[in-house]
Amino acid sequence: MKKERAYRLLIVLVLSVAVAVFAVRLYIMRDRGKTNNLPEAPDFTFTTIDGKNMRLSDFKGKVIIVDFFALWCDPCRIQLGVLKRVWPILKNHGVILLSIDIDPGEGLSDIKEHATSMRINWIIGSSPEAV
């Protein structure tokens, strides 16, 4: 059991470092004007847990990490732990983090309850048609 926990912690640590390095690298590339040749992400709409309708294109020109998840997804919970660890670093570099629930069976109230209980303080919403 201890071996399994240590293995999970190692995975979370490696993923945390990888996400932080990737986001900071994109931030630096954007500042140097080297992101102009990167393809644009497909636009999609989503509704935040506060009921605000938004589009991915609302963040055009910014460095964005989009995390797609579902409340029942165990690997998504691991990823959430990674994002919680790197969020303070990303936020300080102007990175936008979006966590988007893609399960059409999960309502905004359930997602909001989950976000509150997990103390998620970045943009979280729902868009079953996003993927």
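Colleague: Why is cysteine 76 called buried in this predicted model?

Modeller: Cysteine 76 has a relative accessible area of 15%. Buried means under 20%, so cysteine 76 is classed as buried.

Colleague: What makes cysteine 73 count as buried?

Modeller: The relative accessibility of cysteine 73 is 12%. That value is set against the cut-off of under 20%, and cysteine 73 therefore counts as buried.

Colleague: How do you know that cysteine 73 and cysteine 76 form a disulfide?

Modeller: Their sulfur atoms lie 2.4 Å apart. A disulfide requires the sulfur atoms to be within 2.5 Å, so the pair of cysteine 73 and cysteine 76 qualifies. The structure holds one disulfide, and the link is right-handed, with 75° about the S-S bond.

Colleague: Why is threonine 48 called buried, and which residues does it touch?

Modeller: Threonine 48, found in strand S1 (residues 45–48), has 8% relative accessibility. Buried means under 20%, so threonine 48 counts as buried. Leaving aside residues up to four places away in sequence, threonine 48 touches Met54, Leu108, Ile123, Ile124 and Gly125.

Colleague: What makes the side chains of strand S3 alternate?

Modeller: In S3 (residues 64–69), Ile65, Asp67 and Phe69 point to one face and are buried.

Conventions. Residues are numbered from 1 along each chain as its sequence is written. This is a predicted model: local features need pLDDT of at least 70, side-chain atom pairs count only at pLDDT 80 or more; totals for chains, interfaces and linings use all residues. Side-chain values use heavy atoms; hydrogens and water are left out. Buried means under 20% relative accessible area, exposed over 50%, partly exposed in between (1.4 Å probe, protein chains only). Helices (H or I, at least four residues) and strands (E, at least two) are DSSP runs, numbered from the N terminus. Contact means heavy atoms within 4.5 Å.
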